[in-house]
Amino acid sequence: MDMFIYPEYEVVRNPDLCIGCRVCERQCANEVHHYDFDLKKMVADSTKCVNCHRCVCLCPTHALKIVKSQDTYKTNANWENQTINEVYRQAATGGVLLSSMGNPKPFPIYWDKILLNASQVTNPPIDPLREPMETTVYLGRQKCEVVRDGSGKLKNTLAPQLKLNMPIMFSAMSYGSISYNAHEALARAATELGTYYNTGEGGLHKDFYQYGPNTIVQVASGRFGVFKDYLDTGAAIEIKMGQGAKPGIGGHLPGKKISADVSATRMIPQGVDAISPAPHHDIYSIEDLRQLIYSLKESTAYKKPVIVKVAAVHNVAAIASGIARSGADIIAIDGFRGGTGAAPTRIRDNVGIPIELALASVDSRLREEGIRDNVSIVVGGSIRSSADVVKAIALGADACYIATAAVLAMGCHLCRTCNVGKCNWGIATQVPELVKRLNPDVAAERLVNLVTAWNHEIQEIMGGMGINSIEALRGNRLMLRGVGLNETELKILGIRHAGESL
Amino acid sequence: MLKREGDIRIPAGCAISGVIDRSGKRMSGKCMIDSISTMHDRSNGLGGGFAGYGIYPDFKDFYALHLFYDNTAAQHETEEFLKRHFEIAYCSAIQTRKVASIKDEPIIFRYFVSPLPRKLESSQLDEEEYVARCVFRVNVEITGAYVFSSGKNMGIFKAVGFPEDVGRFYKLEEYEGYAWTCHGRYPTNTPGWWGGAHPFGLLDYSVVHNGEISSYDANRRYIEMFGYKCTLKTDTEVITYIFDYLLRKRKLTLQEAAKVVAASFWATIETKSEEEREQEVLLRRMFPSLLITGPFSIILGFEGGLMALNDRLKLRSMVCGEKGDKAYIASEECAIRVIEPELDKIYSPAGGEAVVYTLKNGGRRE
Amino acid sequence: MAKYVIIGNSTAAVNCVEAIRSLDKEGDILLLSDESHFTYGRPLISYLLYGKTDFEHMKYRPDDWYTANNAQLKAGVKAVKIDPKKKKVELSTGEKIPYEKLLVATGSRPFVPPMSGLERVKDQYSFMTLDDALKIEKDFKKEDDALIIGAGLIGLKCLEGILGRVKAVTVVDMANRILPSILDEEGSAVVQKYLEGKGVKFFLGDSAAEFTGEHAVTMKSGKKLTFDKLVLAVGVRPNVEFVQEAGGACNRGIVTDEGQRTTLPDVYAAGDCALSHDIAADTDRILALLPNAAFQGRTAGLNMAGGSAVFDKAVPMNAMGLFDLHMITAGVYEGECYEEKGDSKYKKLFFANDRLKGFILIGDVARAGIYTSLLRNQTPLSEVDFAMLEKSPALAAFPPAYRKEKLTQKV
Amino acid sequence: MKRIYVNEQWCLGCHLCEYECAFANSGMTDMAKALKGKEIHPNIRVEDGTDGIHFAVNCRHCSDPICVRSCIAGALSRTEDGMVQIDKSKCVGCFTCVLVCPYGAIMPDADGHAAQKCELCTRNLCGEPNCVKHCPNRAIVYEDRG
């Protein structure tokens, strides 16, 4: 018999408010709620609850809430309830623990220990409502020869670049891990915003080829859905070497998520597990990567920038330096808090390093080597707000990838059970009735709202610093100060402590 | 204790002025002293300086190195270094006069030098780059020595004090040049250091600057990738390096360099002709990290001319005036009127609008 | 001179005026009415007696309707003749009113078959007009026994109106069941049982042989009944005489085309006086229903004002309430039948040749219009999920394209 | 004129609209107080079809409304901008409108004495259709589509 584990969260219903409309019952794919005709009232089974808040949000009288249950084992700072429960689970199943979304453990969040500057007296703040405040970013290699034509005009010798209206893109989430409607929403929002979304490793559904100019197509170790049309359709190609949530680990999309459409898009049989190997089996070294980069460039006539995405790991600066010299146009670095549709819990929670430190060390390293303008740097892995974006850019990033914030905008409540495939918000699921819950009209609008709001905030913050173009913020670490950071941390981040003058 | 330039970054508000006679006729430095002194209140006595072009006709083929030494040990070490790398045509202390307000003067020396041919050849560098690198080495490696002027047939003169006092200190009325710039400094958090005064120069580029740029660290961290060492951490220093990089190393024109540094807004670029649009977009895409934001008005001095440039929002005052062959640039109109009351033309250039005055007989390309 | 003359002031007439005004804001409109009331909802007279409405609320249109539509009402006059050649209507007063376009919306009148001794009955009433109802309201007393001859729609609506006003009501009809025009036999029995539960006495399959006195009648069966008040609701006859005499074709009603044109030039007919083509039964007949009068009046009006409208969806249909029992019926009761019968439910759907032919709903009438639409549109049942519709009317049973058309765009 | 349109592609069949409608027309400001323990009689009804098909139906505010033509009492009428409205004081509950409405969108009210229908929340305090406002998936929208 399995050890009974008391649910971590409990559904609490206010009987005075519940009108028995049964919306919660209809909306819970986990079948937590049902109307008891004998008792003539709604009842809930908290053991099934994943705390996705769908019922809480839809209850018209706000009769529901979900609370952390108070049941506890004998208090033990070392053996916490969750730790004990995980032992019980593994003792019962013999399996690897799986989780989703980003690392929830209380590691330091460096963003929150960095403060921003503003102008006072000697240098005027700029009011973004009165003056232009530019957030347009071009991503790609900037290093090029100055060449003139006969009339003395400069010739464009730049490698292909991506133009972003704001330094924010939607990070890779594959069709398969997220739903058709979620993909459509991301594609439409990226198009409307003038930025990019990323197919992830699941190929690109035919319906979305129309959004190609705002699509980054990913080539990952499984090579799902990669063929000529796919590469030609995207605005850029991203080679995924690793992912912040699970560095060194491949992917595994269970067969039940391989619907007919997903199967066609990924070019794999329906209902069969989709396995992404941990490495690319044609890339065992940096020179192999260079070959793949140039293979992809060759096959797309050198018209598209190539992004190489790596997880933030200990040696990331050296790795990035190698990538910057391998023909990549953009390096994407994914921090250890990045989200995922499914990852082994132990990997998610223990592997990789914070994006803030990875970014700072990569940017510094590339500058020391004089090759920072070989590549643009895009960072992801828990960019939570416009302030994080501003700090990332001041540390040296060209742009940020957001995904967790994007799915939150679409409705996700971070219940972290994407791996189960029954997402009540219609995002991380392929079940038609659940997919339907995400109207792309609504989701795209919310994504546009979010990014537009962030961009306004970025402009406000820049204006406060007296900076009216995002280029002048990039790598401008003097705009940052640390609080509560030790010497090593400050040194890696390349910033001074708050209170230290300019 | 207050730190000096180089230890910390010093923003400053200031006054600038410049004049050029496009016919090439040389003027005494006195006109600049007169001009800057009208803007006395824009300085606080913590720095002033001048750059004169065409002042060393007798040594016009030699790099004129002006140095500050804190002590003779530094001087000896530096001179050893110079001898290893240059042929020194002439060297002497720079003549100064006693001015009550100018205190704590360092040892101030001038060398007219030319790279040793064998050294230059083995360095595989062009001559200017060779000189520039030597200047960086002195400034970075030799404690107590500082090269503050390194161009040909031009010289920078600066000190801690009000600019008009500095001018008198250096006896600038005795120098004659076809172009002059000057600067009165209003730093906000330094005791002022001689080397930190403006103009800042590298080779024949000199910059006087009024403002406080917000893009400083983005610019600095970028330009340092190309061998520049921002030892002073001042705006003027990084601006000078940016122009040196764009003009000398990347061979951009002055106008192109201005479009990098004070780029038109994207929205403005949209409204331009296709050709202009292409060029300006290209420049912004090639050198995004050299965009300078925040208030600035600068006069860039170079062999054969001056360029005036404001930040793109024009957050600092700057006017240009013309009278015959003479052209004037200053923070305030009064600084021009005081030396030329009857102008043919006076106007205020728009933000980001580069105004270039060059010698009629051919200075540098625009 | 009025461009448009309308004989009548009820449903067909009012809808005709509104239709004219939708196309012609200017042309003068004159309505002629032999009643002296503001236009009122004729079927409301039973509700007036039943107490569900009052004189004020019976107005079929708002108080400013005539002025808002720039229509003149000449009330209390009787049109007696049409001169189609001279295009004039003659009134009983001899006045001749010229017209460019004429609508005959003269309705119908009670039909009283010859009954021996009827002249002996002083307190006899018909139930057609507001004046009839007002008279009943005034005359009928709590202690009266009422006898209604006729168990059709008029008779039973009168019953509903007066049951609470008198001591007892007895209903007789020659037919052997009630509401034969709208119910099948089983349905009649259900309703009859319901009414009997309210204390109503029925004598069916029987008729008055002779009124033997002011308050007594002997039935054909020999049964003798007494009463205080007698209501005659045997039937109605359409008022077709004007048209007939003027040479217009008339059958059991005025013959019109689908645009409500009579055979006389510029003369139109609509309402209870005019024939309709019943598409459910594929036969021409009078469909004395208010919606039908409205559709016809509107069609006539549009055509009179120069439009081109057709009304080709006439089906018999009724929504009928007796006390708290509601029934909705339509079409004809032929072909295969789907039925559900329960305590509070009686439902029959008749279908043949891939079409719904008719239906009867008693009790639960919700969303009956979906069935009616199948009938009026002659929708092939193979195009819908009829099995689902049998259970309950639902748009879900229609093809998605139909729903898209109806629910996602203006209809 | 703005009308309510439904898109069954996005209807989840949650039936929230029915409760929001009932609440909107309850005249109360507290939903629990208005609806708790009561049977609701909303003007909008969700149909739950087969294969996960759901959609809400309420008055289409037809441009040539058959219910208005058929009303025996003149209780149904069309406002100047095209909304079909009901004057309950005139309605006698004959349900001829129920007989003719092809959408089944007009219905007997709670006590069965008169008809009721959607009046786009113009007669309550909402100001805008409450079903639209609370539809969690924009399956019901209030738009001018001609």
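Reader: First up, which residue in β6(C) is the bridge partner of C:Val89?
Author: That's C:Ile97. Before we go on, this is a predicted model, where local features need pLDDT of at least 70, side-chain atom pairs count only at pLDDT 80 or more, and totals for chains, interfaces and linings use all residues. Residues are numbered from 1 along each chain as its sequence is written, with chains lettered from A and ligands numbered from 1 in the order in which they are written.

Reader: OK. How many bridges join β5 to β6(C)?
Author: Three, and strand β5 (residues 88-91) of chain C runs antiparallel to β6(C). Strands here are DSSP runs of E with at least two residues, and helices are runs of H or I with at least four, numbered from the N terminus. Two strands pair if DSSP finds at least two bridges between them.

Reader: What's the strand order in that sheet of chain C?
Author: β4-β5-β6, an open sheet of three strands with antiparallel pairing. β4 (79-83) and β6 (96-98) of chain C each have a single partner strand, so one side of each lacks a neighbour in the sheet. On average, neighbouring strands are turned by 25° against each other, direction ignored.

Reader: Switching to chain B: at what angle do α6 and α7 pack?
Author: About 45°, with the axes of α6 (residues 216-223) and α7 (residues 235-249) of chain B 10 Å apart. Axes are lines fitted to C-alpha atoms, for helices over the stretch in contact, and angles run from 0 to 180 degrees between N-to-C directions.

Reader: Why call α6(B) and α7(B) oblique?
Author: α6(B) and α7(B) are oblique to each other because angles under 35 degrees count as roughly parallel, over 145 as roughly antiparallel, 65 to 115 as roughly perpendicular, and the rest as oblique.

Reader: And which residues of α6(B) make the contact?
Author: B:Tyr216, B:Asn219, B:Arg220 and B:Ile223, while α7(B) brings B:Asp235, B:Val238, B:Tyr241, B:Ile242 and B:Tyr245. Contact means C-beta atoms, placed from the backbone, within 7 Å.

Reader: Back to chain C, what are its domains?
Author: Domain 1 (4-107 + 239-304), domain 2 (111-235) and domain 3 (324-407); the bounds come from an automatic or database domain assignment. The centres of domains 2 and 3 of chain C, taken over C-alpha atoms, are 33 Å apart. Their contact takes seven residues from domain 2 and eight from domain 3.

Reader: Last one: how many residues does chain D bring to the contact with chain A?
Author: 17, and chain A gives 17 residues too. On the chain D side, α1 (16-24) and α2 (31-35) are the elements giving two or more residues.

How values were computed
Contact = placed C-beta atoms within 7 Å.
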